[in-house]
Amino acid sequence: MEEKVFIYNNKKQKIVGLLALPEIEKPPIVIIIHGFKGTKDYYPFANNSVQAFIDAGIAVLRIDCRGSGESDLEFKEATIESEAEDILTAVDYIKKLDSVNFKRIGLIGISMGAAAILYTMTEDPDVKTLIFWGPAFMGNNYFNTPENRKTVAEEGVFYVKQRFTGKQLIAGKTLFEEMLRLDTRPFMKMVN
């Protein structure tokens with residue numbers, strides 16, 4: 001049902017996705033953007049939603065943003081800004097597909113993926129619908145602990161675990177700093 005696709009940004013870095021198409025001509029499409037610590041196939045609720053979209057005549061593209069899953073870069077290199085860039089790259093990819101209606105694109109952001117979607121609005125990606133699934137919009141104090149601040153200062157990274165798998169990940173200093181100052185209120189003004 002889903003086809004693995006390979007999308008390349010202007011730096012020739014690979015973004016891996018899963019594309020599912022309903023059996024109708026030129027369906028609208030949604031792009032599902034994972035959150036911090038996630039991947040294209042990490043969230044059971046997102047995975048389970050694909051069939052519902054297909055049944056409703058909507059195509060689905062789930063991507064691994066760079067630093068996650070099968071895409072290029074290491075997790076510690078991922079940032080909210082790089083995730084926003086990957087969204088724009090995925091939208092450009094969709095606009096070149098003959099099999100979908102590129103004038104009816106929706107973006108679904110899970111957790112920090114929602115913040116990344118809002119960052120893309122400065123580029124006017126020409127999407128019709130934005131859906132925020134458990135959005136992380138304001139500065140995230142959850143990771144702002146004395147231990148993480150010390151590790152970032154000493155090692156330039158901090159350590160986190162995926163909730164569903166327990167896998168330990170090494171996140172970078174840039175992302176830690178982005179999370180502390182994350183305020184998407186200015187970007188929300190760009191959404192009609």
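Modeller: Let us begin with glutamate 83, which is found in helix α2, covering residues 80-95; please keep in mind that this is a predicted model.

Biologist: What makes glutamate 83 a buried residue without a salt bridge?

Modeller: Buried means under 20% relative accessible area, and glutamate 83 is classed as buried. A salt bridge needs a side-chain nitrogen of Lys or Arg within 4 Å of a carboxyl oxygen, whereas the nearest side chain of opposite charge, arginine 66, is 9.5 Å away, so glutamate 83 has no salt bridge.

Biologist: Which residues does glutamate 83 touch, leaving aside those up to four places away in sequence?

Modeller: With contact taken as heavy atoms within 4.5 Å, glutamate 83 touches Ile33, His34, Cys65, Met112, Gly113 and Ala116.

Biologist: Turning to the whole chain, why does the radius of gyration agree with that of a compact globule?

Modeller: For 192 residues a compact globule would have a radius near 16 Å, and the protein has 16 Å, which is why the two agree. The C-alpha trace spans about 55 × 35 × 30 Å along its principal axes, and buried residues make up 51% of the protein.

Biologist: What elements of secondary structure does the protein have, and in which pattern do they follow?

Modeller: The protein has six helices and eight strands, and along the sequence they follow the pattern β-β-β-α-β-α-β-α-β-α-β-β-α-α. Of the contacts between residues at least 6 apart in sequence, 66% join residues at least 24 apart.

Methods: Residues numbered from 1 in each chain as written. Predicted model: local features only at pLDDT ≥ 70, side-chain atom pairs only at ≥ 80, totals over all residues. Heavy atoms only, no water. Helix = DSSP H or I, 4+ residues; strand = E, 2+ residues; numbered from the N terminus. Rg over C-alpha atoms; globule rule 2.2 N^0.38 Å. Buried < 20%, exposed > 50% of the residue type's maximum accessible area, 1.4 Å probe, protein only. Lys, Arg positive; Asp, Glu negative; His and termini not counted.
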